[in-house]
Amino acid sequence: MQPGELIAGDRGARAPQSDDLARAWAVLGEVMDPEVPVVSVVDLGIVRDLGWRAGHLHLVVTPTYSGCPATEVIEGDIRQALEQAGFPAPDLERRLTPAWSTDWISALGRERLRAYGIAPPSGSASKRSLLGEAPQVCCPQCGSHHTDLLSQFGSTACKALYRCRECLEPFDYFKCI
Amino acid sequence: MHKHDLIPYLLLLGDSALIQGQRLCEWCGHAPALEEELALMNVGLDLVGQARNWLEYAAELLDDGRDADALAFRRDERAYRNLLLVEQPNGDFAVTMAKQFFYDAWHHAVLQRLVDSSDARIAGIAAKALKEVTYHLRRSAEWVQRLGGGTDESRRRMLEAIPALWRFTVELAAGSDNEVQLAEAGVAADPVQVGADWLKQVSTIFASVELPLPKAASHFYLSGRQGLHTEHLGLLLAEMQFLPRAYPDATW
């Protein structure tokens with residue numbers, strides 16, 4: 001590549017290759033949530049769409065919470081990872097509708113949360129689980145069902161604070177929304 | 001209906017969330033327990049995030065070069081459209097939680113209707129916010145019950161907090177003409193229905209711990225919807241807006 005080549009014309013616009021989207025999904029699978037660095041943005045279910053538009057990758061990203069301070073960081077991380085993988089100037093669209101739900105966290109994402117010490121959301125984000133009925137939350141350390149809610153709000157907006165009555169460890173629970 | 005008619009309503013929603021969020025943030029470093037501190041800040045963060053969504057929409061409709069930050073940090077008190085309730089000082093923990101509960105019950109009733117708004121953007125922001133506010137309401141209702149039905153001291157404080165805030169609740173059951181028209185057009189929540197839901201929610205929680213329900217609040221000479229605020233909002237804004245006003249070029 002010659003110096004100046006990147007500056008000429010629309011920066012990096014190019015024709016899509018057949019395996020590009022699969023490769024871009026793989027790159028996104030390596031972009032971790034900054035607050036929970038074992039779950040990728042794909043496993044978290046916040047990448048809603050990925051396609052090709054006017055020679056650039058076009059992504060739709062849905063924030064987890066209205067006030068999630070990680071939203072901008074995540075978008076920056078996604079952009080950087082894609083650029084490094086040879087997808088210049090990806091076009092990120094932030095979309096609120098439909099609202100993100102913990103139901104979109106993949107099975108792999110749930111398992112990784114548990115292994116990391118965060119109890120994954122229990123059940124589906126139905127009205128019932130939002131409006132009362134205490135969910136059954138298992139301790140991610142010892143698997144016991146004997147757990148108590150300490151606080152509805154944990155270290156981040158998406159988590160609640162629990163304690164296990166068997167192993168006595170406190171732990172975070174990823175709330176259903 | 002013209003899109004511009006939405007602006008006062010978006011400011012009511014956005015400014016109320018922003019000011020309530022700012023008041024909660026005043027508890028940072030002062031909450032009675034670590035778990036409470038986290039909860040107060042989390043709720044505040046949700047509200048500030050929601051405020052941004054509403055104010056971004058308002059800014060786009062205003063289309064005068066201002067963005068959501070400019071609306072939050074460069075408007076004077078009289079241009080704010082928040083409910084009078086949320087600008088009231090935090091007082092003790094009973095006042096803070098009673099205020100939060102009154103606001104959450106209103107907020108929840110409004111959002112429940114806005115998810116079906118004929119304006120798709122309003123419906124989208126509301127659907128996101130409703131999930132969060134459901135948690136807020138559950139928590140503040142529990143606190144009203146814990147304090148109201150707790151020790152003599154906690155009950156005494158809750159019994160003092162309720163009448164101190166009650167007169168501001170008149171705004172939770174009454175909307176402006178603009179709001180009524182927007183509700184008829186299927187865009188806004190019907191303020192009368194919201195008021196009925198609000199009263200039902202408050203009555204239920206009060207009755208569960210035998211807190212007496214005051215008589216309905218009567219008309220008040222100030223009105224948040226008209227930008228006529230109590231003396232507390234100006235002081236709050238002076239603190240909140242100080243940095244961007246003093247250092248207009250400051251960036252993160």
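This is a predicted model: local features need pLDDT of at least 70, side-chain atom pairs count only at pLDDT 80 or more; totals for chains, interfaces and linings use all residues.

Colleague: How do the strands of a sheet pair, parallel or antiparallel?

Modeller: In chain A, three strands make up an open sheet in the order β1-β2-β3, with mixed pairing. Its edges are β1 (47-53) and β3 (91-94) of chain A, each of which pairs on one side only. From one strand to the next, the twist averages 20°.

Colleague: In which sense do β1(A) and β2 of chain A pair, and over how many bridges?

Modeller: The pairing of β1(A) with β2 (residues 56-61) of chain A is antiparallel and extends over six bridges.

Colleague: Which strands are joined to β7(A) by bridges?

Modeller: Strand β4 (residues 118-119) of chain A runs parallel to β7(A) and is joined to it by two bridges. Here A:A119 has A:Y173 of β7(A) as its bridge partner. Strand β6 (residues 159-164) of chain A, by contrast, runs antiparallel to β7(A), with five bridges between them.

Colleague: How many residues lie between β6(A) and β7(A) in their hairpin?

Modeller: Five residues separate the two strands of this hairpin, and A:L168 in the turn has a positive phi of about 65°.

Colleague: Why is β7 of chain A described as largely enclosed by the rest of the structure?

Modeller: A residue counts as buried if 20 or more other C-beta atoms lie within 10 Å of its own. Four of the five residues of β7 (residues 170-174) of chain A are buried, so the strand is largely enclosed by the rest of the structure.

Colleague: Turning to the helix, which residues of α8 in chain B are buried?

Modeller: In α8 (residues 177-184) of chain B, the buried residues are B:E179, B:L182 and B:A183. Viewed down the axis of α8(B), they fall within an arc of 100°, so they line one face of the helix. These buried residues pack against α1 (7-25) and α9 (191-208) of chain B.

Colleague: What does the face turned away from the buried side of α8(B) carry?

Modeller: That face of α8(B) carries B:D177 and B:E184, both exposed. Just after α8(B), B:G186 adopts a positive phi of about 80°.

Methods
Residues are numbered from 1 along each chain as its sequence is written. Chains are lettered from A and ligands numbered from 1 in the order in which they are written. A residue is buried if 20 or more other C-beta atoms lie within 10 Å of its own, exposed if 12 or fewer, and partly exposed in between; C-beta atoms are placed from the backbone. The arc is that of the directions from the helix axis to the C-beta atoms. Two residues are in contact if their C-beta atoms, placed from the backbone, lie within 7 Å. Two strands pair if DSSP finds at least two bridges between them. Axes are lines fitted to C-alpha atoms, for helices over the stretch in contact, and angles run from 0 to 180 degrees between N-to-C directions.
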